Amino acid sequence: MIAVLLMILGCASFFYATHVIVSANPHAKIPTWIGLPPNNPGRAFAVRMAGILLLISGAVFSDGLAWYWIAIFVLILMAPSVVYMALHNRRATRPEPSDPANSSSEQDDALSNTSQSESGHFR
């Protein structure tokens, strides 16, 4: 029971570290496997290290479980962090939606400039 609780706490700390990194980089894509994000808060590193310690402790205390059940359990618990990071990266790479009011006025300006240049009159 203690092993499962330690593993859940370890994965929760990983999710919190992911949240801290995503909050520090709202518009930047975060590297998935290797590399550092543009903004890397120190507390995210500390929370990740605590998560690793908790996961290892949970694996050590799980005498009755086979190693593959521990791996499956950890993968299931880590899924929310992976999905959260993937959704953030998808949002960060998506172009900003343009304001329809501004885009129509820009198009009108472009059209008026081309029509005036064709007639030989400029602003």
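The structure is a predicted model, in which local features need pLDDT of at least 70 and side-chain atom pairs count only at pLDDT 80 or more, while totals for chains, interfaces and linings use all residues. Residues are numbered from 1 along each chain as its sequence is written, and side-chain values use heavy atoms, with hydrogens and water left out.

**Overall architecture**

The chain contains 4 helices and 0 strands, where helices (H or I, at least four residues) and strands (E, at least two) are DSSP runs numbered from the N terminus. Along the sequence, the pattern reads α-α-α-α. Of the 123 residues in the chain, 23% are buried; buried means under 20% relative accessible area, exposed over 50%, and partly exposed in between (1.4 Å probe, protein chains only). The accessible surface of the chain is about 8,800 Å², and carbon and sulfur atoms account for 68% of that area. Accessible areas come from the Shrake-Rupley method with a 1.4 Å probe, and for residues only the protein chains shown count as cover. Contact is defined as heavy atoms within 4.5 Å. Among contacts between residues at least 6 apart in sequence, 73% join residues at least 24 apart.

**Helix α1**

The expected span of a helix is 1.5 Å times one less than its number of residues. The buried residues of α1 are A3, L6, M7, G10, C11, S13, F14, A17, T18, V20, I21 and V22. These buried residues pack against α2 and α3.

V22, a residue of α1, counts as buried at 8% relative accessibility. Apart from residues up to four places away in sequence, V22 touches I30, Y84 and H88. S23 is also found in helix α1, but S23 counts as partly exposed, at 42% relative accessibility.

Helix α2 covers residues 42-61 and has 20 residues; the distance from its first C-alpha to its last is 29 Å, close to the 28 Å expected at 1.5 Å a residue. The buried residues of α2 are A44, V47, G51, L55 and G58. Viewed down the axis of α2, these buried residues fall within an arc of 80°, so they line one face of the helix; the arc is that of the directions from the helix axis to the C-beta atoms. The buried residues of α2 pack against α1 (2-24) and α3 (67-93). On the face turned away from the buried side, α2 carries the exposed residues G42, L53, I56, V60 and F61.

A nonpolar surface patch of about 710 Å² is formed by I2, F45, M49, I52, I56, V60 and F61. Patches are made of residues with over 30% relative accessible area and no salt bridge, with like charges joined within 9 Å and nonpolar side chains (Val, Leu, Ile, Met, Phe, Trp, Tyr) within 5 Å. A salt bridge is a side-chain nitrogen of Lys or Arg within 4 Å of a carboxyl oxygen of Asp or Glu. Helix α2 gives the most to this patch, with 6 residues.

**Residues of helix α3**

S81 lies in helix α3 and is buried, with a relative accessible area of 7%. Leaving aside neighbours within four places in sequence, S81 is in contact with C11, F14, F15 and T18. A86 is likewise found in helix α3, where A86 is partly exposed with a relative accessible area of 44%.

**Pairs separated in sequence**

The following table gives C-alpha to C-alpha distances for pairs of residues.

| Pair | Separation in sequence | C-alpha to C-alpha distance |
|---|---|---|
| S23 and N39 | 16 residues | 9.5 Å |
| V22 and N39 | 17 residues | 9.2 Å |
| A86 and K29 | 57 residues | 9.4 Å |
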